[in-house]
Amino acid sequence: MTPIAEMSSADGDLIDRLRSGDEAAFVCLVNTYSASLKRLAMAFVSSDAVAEEVVQETWLAVLTGIGRFEGRSSVKTWIFKILTNRAKTRAIRERRTINFSELEDPSEPGHAAVDPARFLAASHPTWPGHWASPLETWSASAEDAVVSRETMRVLQRGLERLPPAQRIVVALRDVHGWPAVEVCEVLGLSEANQRVLLHRGRSRLRGALEVYFAGNA
Amino acid sequence: MNDDTLREMACQELVEVITDYLEGTLPEVDLTRFEAHLASCPSCQEYVEQMRALVRLSGKLSTRSLEPATVDSLLSAFRRWRDSQTGL
C-alpha cells in the first residue's frame, strides 16, 4: 500500500516559499533541522568536520531538488533521506565499517536491560525474578529543577558510548523528540526494531545514571 | 482468564517490557500484568520513574548545530541558487 500522500498545507506552503526564493524560509528550515541532521550524520562518518560537510551537501541537494519535490513524503523525511544516502556514500568512501546490520537485526544476545545478578533466581521459592534488594531511589534527584550539569555530562557521555544504532535512535527519539514513525521511516527500520534499539539504549543510559547517583549518594 | 493473565509479572520481566509499556505497545494481557505488578512493587515504581526521568533529561541535552561559517556559506549558496532561478 503506497498511497501518494497529500502534501500537508504547512509543507506545501514551505515548498512554495522556497521555490519563490524566500530566504527566511530557507534559514528557518536550516535552523530547525541542522542539529538533528548533524547528529544523524555523525553516526555514519568519522568526524565532526565530515558530518558538517555532509549536512552542507544535503542542504545544497535540497535546493537543487526542490523543483522536483512531489510531496510523496513530508519535507522533513525527504531531507533526512537525502542526508542518510549521502552519509552512507561518504562512509563507504571512508571505508568505515558501520554496523548497518545492527540497524536491521537487533536480535544479538546478551542484552539484559538490568544485570541479572540484581534479581533473585528463577528458582527462588517465593520471589523468583524479583529485585534481590530494593532499588535505590534517585528519580526525584533527576527532576529538572535540581538537575546538575554533572548529571547532564554523565548522560551525554553515556549517549556517546552507546553502539551507533542505539545512539541514533535514542538521540532522535529522546534528544530531538521525534515520533517513532519518523525514525522508522528515515532509518528504514521496522517499528519492532526501532523499539528494541530504543529499549537497549535507554536501559544502558539508565544504568549509567544509576551508577552515577550511587556514587554521589 | 487464562494462564498468562494469572501469572504474575516478575521485576526482571518488567524491566524488559518497560519500553513497550511507555510506547503504548504492550499487549493487553501483559499490560494488565504490568500494572498489577507495579501497584504492589515500590522498586519497579521507582524503575518506571527513573526511565521517565531519563527521557525528560535526554530532552534537555544540548544539540550541536552547524558552525556559523557553514551557515554563512549555505546562505551564499542559497542566494546564488535563487539568482539562477530568476527567468525560469
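**Close-ups of a predicted two-chain model**

**View 1. Two domains in chain A.** Chain A is split into domain 1 (9-93) and domain 2 (101-216), with bounds that come from an automatic or database domain assignment. This is a predicted model, where local features need pLDDT of at least 70, side-chain atom pairs count only at pLDDT 80 or more, and totals for chains, interfaces and linings use all residues. Residues are numbered from 1 along each chain as its sequence is written, while chains are lettered from A and ligands numbered from 1 in the order in which they are written.

**View 2. Where the two domains of chain A meet.** Taken over C-alpha atoms, the centres of domain 1 and domain 2 of chain A are 29 Å apart. Nine residues from each of these domains of chain A make the contact (C-beta atoms, placed from the backbone, within 7 Å). On the domain 1 side, α4(A) gives the largest share, five residues; helices here are DSSP runs (H or I, at least four residues), numbered from the N terminus.

**View 3. The largest nonpolar core.** This core holds 65 residues, and Ala41(A), Leu83(A) and Cys11(B) are among those with the most contacts inside it. Domain 1 and domain 2 of chain A both give residues to this core, so it lies between them. A nonpolar core is a set of buried Ala, Val, Leu, Ile, Met, Phe, Trp, Tyr and Cys residues joined through C-beta atoms within 7 Å; buried means 20 or more other C-beta atoms within 10 Å of the residue's own.

**View 4. Around Ala41(A).** Leaving out residues up to four places away in sequence, Ala41(A) touches Ala51(A), Val54(A), Val55(A), Leu83(A) and Ala87(A).

**View 5. Chain A against chain B.** Here 45 residues of chain A are in contact with 39 residues of chain B. Elements giving two or more residues to the chain A side include α2 (23-42) and α9 (191-216) of chain A.

Methods: A residue is buried if 20 or more other C-beta atoms lie within 10 Å of its own, exposed if 12 or fewer, and partly exposed in between; C-beta atoms are placed from the backbone.
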